[in-house]
Amino acid sequence: CFQELEKVGTDDPTREAEIAFQKGSEGMPALMESLGAMTAAEFDEGVGILNDCTDISFEAGGQQVPGTMGELSIEKVGDQSAAWRMTFDIDGVPLTFEFSATRVGNIGVLVGVADLGGVEEGLLDTMTAKAVAKISPTA
């Protein structure tokens, strides 16, 4: 489903900015924030694609790591917002990645948080609200 998501919008690299933070030697916990131009139609199309994702996987060390994905409830911020949770099991170690998509006017904000085990309750809401507040203090 993420390959389908890449087709939404344009490939213009001047439309995007990204930052990431990882703590610890294993890179966990991690925070990712990305900003880019986004229309309401692009937001709706992207959310539709992500809502259809349930079984996902990625490759690590030459092996496929299967996981599941589902919608996640998030506090409404901006003009449109949605969120999802992905969970994986890597050799018995649980990995959780939560991410949100928010649109404020013509700006899209993606925020992701990941940690081994689970993500701290409310962390995604907090980080999303802080990211959106940088764009629109009243969002």
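Q: Which residue forms a salt bridge with arginine 85?
A: This is a predicted model, where local features need pLDDT of at least 70, side-chain atom pairs count only at pLDDT 80 or more, and totals for chains, interfaces and linings use all residues. Residues are numbered from 1 along each chain as its sequence is written, and side-chain values use heavy atoms, with hydrogens and water left out. A salt bridge puts a side-chain nitrogen of Lys or Arg within 4 Å of a carboxyl oxygen of Asp or Glu. Here the closest N and O atoms are 2.8 Å apart, and the partner of arginine 85 is glutamate 98.

Q: How many residues apart are arginine 85 and glutamate 98 in the chain?
A: Strands (E, at least two residues) and helices (H or I, at least four) are DSSP runs, numbered from the N terminus. Arginine 85 sits in strand E5 and glutamate 98 in strand E6. The pair links distant parts of the chain, and the separation is 13 residues.

Q: Is glutamate 98 buried or exposed?
A: Buried means under 20% relative accessible area, exposed means over 50%, and partly exposed lies in between (1.4 Å probe, protein chains only). Arginine 85, at 35%, is partly exposed. Glutamate 98 has a relative accessibility of 7%, so it counts as buried.

Q: Which strand holds the partner of aspartate 79?
A: Aspartate 79 and arginine 103 meet in a salt bridge, 3.7 Å from N to O. Aspartate 79 lies in the loop between strand E4 (63–71) and strand E5 (80–90), so the pair ties together parts that are 24 residues apart in sequence. Arginine 103 itself lies in strand E6.

Q: Which helix does glutamate 33 reach through its salt bridge?
A: Glutamate 33 pairs with lysine 134, with the closest N and O atoms 4.0 Å apart. Glutamate 33 is in strand E2 (residues 30–37), and lysine 134 is 101 residues apart from it, in helix H3.

Q: How far apart are the end C-alpha atoms of H3?
A: The expected span of a helix is 1.5 Å times one less than its number of residues. H3 has 13 residues, so it should span 18 Å. The distance in the model agrees, at 19 Å.

Q: Within what arc do the buried residues of H3 fall?
A: The buried residues of H3 are Leu124, Thr128, Ala131 and Val132. The arc is that of the directions from the helix axis to the C-beta atoms. These residues line one face of the helix, because their arc is 95 degrees.

Q: What is the C-alpha to C-alpha distance between isoleucine 135 and isoleucine 107?
A: Isoleucine 135 is found in helix H3. Leaving aside neighbours within four places in sequence, isoleucine 135 is in contact (heavy atoms within 4.5 Å) with residues including Ile107. The two isoleucines are 28 residues apart in sequence, yet their distance in space is 8.4 Å.
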